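I opened this entry to go through one model, element by element. My notes follow the order in which I looked things up.

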Amino acid sequence: MSELIRIDRSSPVPLYFQVARRLEELIATGHLTPGTRLENEVALADQLGLSRPTMRQAIQYLVDKGMLVRKRGVGTQVVHARVRRTVELTSLYEDLDRTHQQPRTDVLSLASVTAPDEVAVALVLPSGASVLAVERLRYAQGEPLALMRNYLPAGLLRISADDLRDRGLYQLMRAAGVNLRLAEQTIGARRATAAEAKALGEPRGAPLLTMARTAYDDAGRAVEFGQHAYRASLYSFELTLVAR
């Protein structure tokens, strides 16, 4: 463990924070997998040449962030890292793959359906129009993470369940010549239904983060409407705010 952590004593960054951030990187990249037991704080402090209070502060920082857990009689263990996703026009599959979160997809349904009213409005389609409806369960590092429902205008894309298991929806759209340009997105929260809780491995009524998105291509056409629900225990959105 200690050989993976380097301390820069000339840096203005506090020593505890250097250790905490390095441990966070090791967890995020899969070098420290869920369930991994850390050496005790005394041993780690001695190996890194740090004081015990400094090492304790680094560990507590990650405990407070939900990345480590202290268990009586067991010690300090890695828990499943929360997926932190920046709000950009990217797919969840791409974001998970880029951060080595081992994405996997169960395709729950793939069919042409009559567009629900909300979908018809979002995609600027006449009432009763057909759309391609896709429902998937997305995993990260073997844990169910999100239930995703997406709707595309009929005829926009020809895809199979195998395609959706192997690649992200936006990857498939770009490969078909659909150039995504911008999106309107709303982020919210609600409690899980019984069916959602069962699929996501959460107790009934557990908090979920929600996202509704309408994506547009470079011609200004609405080409996708998505409604996603994420486990709040494992997922968060990150935004960068700029002062004007």
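For contacts I took heavy atoms within 4.5 Å. With that cut-off, and leaving out residues up to four places away in sequence, I found Glu202 touching Ala197, Arg231 and Ser233. I note that this is a predicted model.

**Glu202**

I placed Glu202 in the loop between helix H8 (194–200) and strand S8 (207–217). Is Glu202 buried or exposed? Its relative accessible area is 16%. The cut-off for buried is under 20%, so I logged Glu202 as buried. Next I checked its side chain. It makes a polar contact with the side chain of Arg231, at 2.8 Å.

**The sheet**

I then traced the strands. Six of them form an open sheet, and I read the order as S4-S5-S6-S9-S8-S7. The pairing is antiparallel. Which strands are at the edges? They are strand S4 (103–114) and strand S7 (180–191), each of which pairs on one side only. On average, neighbouring strands of this sheet are turned by 15 degrees against each other, direction ignored. As a reminder to myself, strands of a sheet pair through backbone hydrogen bonds, either parallel or antiparallel.

I looked further at one pair. S8 and strand S9 (residues 222–231) are joined in the antiparallel sense over nine bridges. I also looked up Ala212: its bridge partner in S9 is Gln227.

**H2 against H3**

I turned to two helices. Helix H2 (residues 41–48) packs on helix H3 (residues 52–64) at an angle of about 115 degrees. Their axes are 9 Å apart. I recorded the crossing as right-handed. Which residues meet there? From H2 I listed Glu41, Val42, Leu44, Ala45 and Leu48. From H3 I listed Arg52, Met55, Arg56 and Ile59. The residues of this contact divide into six nonpolar, no polar and three charged.

**Positive phi**

Last, I checked backbone angles. Val124 has a phi near 55 degrees, a positive value in a residue other than glycine. I found Val124 in the loop between helix H5 (117–122) and strand S5 (130–140). Its relative accessible area is 66%, so I logged Val124 as exposed, the cut-off being over 50%.

Gln141 is not a glycine either, yet it has a positive phi of about 50 degrees. I placed Gln141 in the loop between S5 and strand S6 (143–153). Gln141 counts as buried, at 16% relative accessibility.

Methods. Residues numbered from 1 in each chain as written. Predicted model: local features only at pLDDT ≥ 70, side-chain atom pairs only at ≥ 80, totals over all residues. Heavy atoms only, no water. Helix = DSSP H or I, 4+ residues; strand = E, 2+ residues; numbered from the N terminus. Buried < 20%, exposed > 50% of the residue type's maximum accessible area, 1.4 Å probe, protein only. Polar contact = N/O pair within 3.5 Å; in protein donor to acceptor, adjacent residues only side chain to side chain. Pairing = 2+ DSSP bridges. Axes fitted to C-alpha atoms, helices over the stretch in contact; angles between N-to-C directions. Left-handed = near helix turned anticlockwise from the far one by under 90°. Nonpolar A, V, L, I, M, F, W, Y, C, P; charged D, E, K, R; others polar.
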